[in-house]
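Open the model in your viewer and keep the selection panel at hand. The tour goes stop by stop: select, look, move on.

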2 protein chains.
Amino acid sequence: MSRVPPDRTGPDDPRLAAALEQLRLAGGRVTRARRAVLGTLLAEPGHLSAEDLAKRVRERHPEVHLSTVYRTLDAFERLGVLTHVHLGHGRAIYHLAGGVSHHAVCESCGGVLHLPADLLDEVRERIEATWGFAADTRHFALVGRCAACRT
Amino acid sequence: MSRVPPDRTGPDDPRLAAALEQLRLAGGRVTRARRAVLGTLLAEPGHLSAEDLAKRVRERHPEVHLSTVYRTLDAFERLGVLTHVHLGHGRAIYHLAGGVSHHAVCESCGGVLHLPADLLDEVRERIEATWGFAADTRHFALVGRCAACRT
DNA sequence: TTCTATGCAAACGATTTGCAGGGAG
DNA sequence: CTCCCTGCAAATCGTTTGCATAGAA
């Protein structure tokens, strides 16, 4: 009745194994907290911030501290396992590195729309050619209003 | 020697007068703090955050509190006098409404590049046509590395 | 006179840090 | 055995809010 639902991916998810391997190869240590964070991130389809992630992780492993989640995410980014994207005002969400798409966030309903990863490639190249500025166009979401909220 | 330098624009700057008029027409009150904030913003060519602005304002009017600056900026935005843009991690800068260009912020040196206001118009239209999402493409700066910092 | 705007202090949310102990390699 | 990683508590940073008063209209 009050049992915790099972992970949507098993501990043998190949992506989890790959990420842990990458971590190990880069000299990082594989700990309970790191396994839990990575596992939770892979199990959740949504857009999880560090706080959300910590909450989810804690449902299974109450010892894991919020600050550990932040440090873990930080380490994962340094090691190239994860990337973060800003969804508007302050909140950052985490993704497996590679294959990150663009995000569009509706200011009214908070909904998140996924847009193709190559959406701004052309503009990015133009900016680079003209001003020499190499833009990471996916690092911030686009803000605006979604179709439904435009009444 | 230790005298405060004069404003770069006078109290009779036509843009200041226009903004104050707009404020008045919208039912807002013209106070010392509001005059000071607006005057400082117009006098500074750069990219001022609320904090920077408060510091500058205080050089002349030490009574004006940081929270007043935030509330003033907020009111100005509601009344259509100003707009803010996010230059990366949390920090927002303020501009006179209208004629806001795109901003590109270098992650290494922090430098800010101004890009044409219509830079993303085409993409914005494509996004609107395809997903019905009306993006405010200028609300967040582009992050990346400027030509100089790319070694 | 009326009601908005202000100063001040305290609250806030997200993230970071210092420190001493724990556990991976 | 060494050094990275962790838990915990406290600090930080930018911004917001509650309250009583000052002051614009």
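Select Thr151(B). Thr151(B) counts as exposed, at 94% relative accessibility; exposed means over 50% relative accessible area, buried under 20%, and partly exposed in between (1.4 Å probe, protein chains only). Thr151(B) sits in the segment after β6 (142-145) of chain B. Its phi is positive, about 50°, although Thr151(B) is not a glycine.

A note on conventions before moving on. This is a predicted model, in which local features need pLDDT of at least 70 and side-chain atom pairs count only at pLDDT 80 or more, while totals for chains, interfaces and linings use all residues. Residues are numbered from 1 along each chain as its sequence is written, chains are lettered from A and ligands numbered from 1 in the order in which they are written, and side-chain values use heavy atoms, without hydrogens and water.

Next, show chain A as a cartoon. Its secondary structure comes to 5 helices and 6 strands; these are DSSP runs, helices H or I of at least four residues and strands E of at least two, numbered from the N terminus. From the N terminus, the order is α-α-α-α-β-β-β-β-α-β-β. The C-alpha trace of chain A spans about 50 × 40 × 25 Å along its principal axes. Of the 151 residues in chain A, 43% are buried.

Now select Val123, Ile127 and Phe133 in both chains. These residues have the most contacts inside the largest nonpolar core, which has 24 residues. Such a core is a set of buried Ala, Val, Leu, Ile, Met, Phe, Trp, Tyr and Cys residues joined through side-chain atoms within 4.5 Å. The elements giving two or more residues to this core are β3 (102-106) and α5 (121-131), in chain A and in chain B.

Zoom in on Ile127(A). Which residues does Ile127(A) contact, leaving aside neighbours within four places in sequence? They are Gly132(A) and Phe133(A), plus Leu115(B), Leu119(B) and Leu142(B). Contact means heavy atoms within 4.5 Å.

Finish with the cysteines. Then pick Cys106(B). Its sulfur is 3.6 Å from the closest cysteine sulfur, in Cys146(B), too far for a bond. Cys106(B) is buried, with a relative accessible area of 3%.

Definitions and conventions:
Disulfide = S-S within 2.5 Å.
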